[in-house]
Amino acid sequence: MKSKDIHNYDDIIDRPHHVSSHHPQMSLDDRAAQFAPFAALTGHKEAVNEKERLTEKKRILDEHQKEILNLKLLEKCMHIKEHPQMKVTYFQADEKKSGGKYVTINEALKKIDEYENLLIFMNGLKINIDDIYEIE
């Protein structure tokens with residue numbers, strides 16, 4: 001039976017390869033792409049990178065540190081019309097995980113919104129006063 005299977009194609013084995021007159025031939029790159037490995041774990045690399053990304057916990061200020069910040073804010077409030085330059089280190093919560101990071105900016109202060117508890121800077125940045133760690 002096997003010897004019969006080997007000879008099944010004897011009638012066409014020596015014929016020239018058929019080239020379609022209606023459909024263009026596929027390029028070698030396109031043919032190779034059909035056999036390229038697919039991403040079975042879509043998003044896996046991104047998930048691993050996200051897991052490796054470190055965040056910090058928000059530091060809790062003691063009463064003495066809070067009092068120092070309040071005095072510095074009060075001084076800035078007295079000169080608010082002059083748009084004083086401020087160097088502020090504050091906690092920025094992470095959007096994807098618990099924790100966040102500390103960011104330091106040096107910007108001109110536009111106003112202090114006591115109702116919303118925000119510092120608003122000339123560049124449009126808004127910082128919650130409760131997130132401030134240090135003012136220089």
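## A guided tour of the chain

Start by showing the surface: the accessible surface of the chain comes to about 11,700 Å², and carbon and sulfur atoms account for 54% of that area. Keep in mind as you look around that this is a predicted model.

**Whole chain.** Now switch to a cartoon view. Turn the view along the principal axes, and the C-alpha atoms fill a box of roughly 100 × 35 × 25 Å.

Of the 136 residues in the chain, 21% are buried. If you display contacts between residues at least 6 apart in sequence, 49% of them join residues at least 24 apart.

**Charges.** Colour the charged side chains. Across the whole structure, a search finds 5 salt bridges. Here are some stops among them.

**Stop one: select D94 and R53.** These two form a salt bridge, with their closest N and O atoms 2.4 Å apart. What does the pair tie together? D94 sits in the loop between β1 (85-93) and β2 (100-113), while R53 sits in the loop between α3 (44-52) and α4 (63-78), so the bridge links parts that are 41 residues apart in sequence. R53 is partly exposed, since its relative accessibility is 32%.

**Stop two: select D131 and K58.** Stay with the loop between α3 and α4, because K58 lies there, while D131 lies in the loop between β4 (126-128) and β5 (132-135). Their side chains meet in a salt bridge of 2.7 Å, N to O, and the pair ties together parts 73 residues apart in sequence.

**Stop three: select K66 and E63.** This salt bridge, 3.9 Å from N to O, is found within helix α4, where the two residues are 3 apart and so separated by about one helical turn. K66 is partly exposed, with a relative accessible area of 38%, whereas E63 is exposed, with 59%.

Methods: Residues are numbered from 1 along each chain as its sequence is written. This is a predicted model: local features need pLDDT of at least 70, side-chain atom pairs count only at pLDDT 80 or more; totals for chains, interfaces and linings use all residues. Side-chain values use heavy atoms; hydrogens and water are left out. Buried means under 20% relative accessible area, exposed over 50%, partly exposed in between (1.4 Å probe, protein chains only). Contact means heavy atoms within 4.5 Å. Accessible areas come from the Shrake-Rupley method with a 1.4 Å probe; for residues, only the protein chains shown count as cover. A salt bridge is a side-chain nitrogen of Lys or Arg within 4 Å of a carboxyl oxygen of Asp or Glu. Helices (H or I, at least four residues) and strands (E, at least two) are DSSP runs, numbered from the N terminus.
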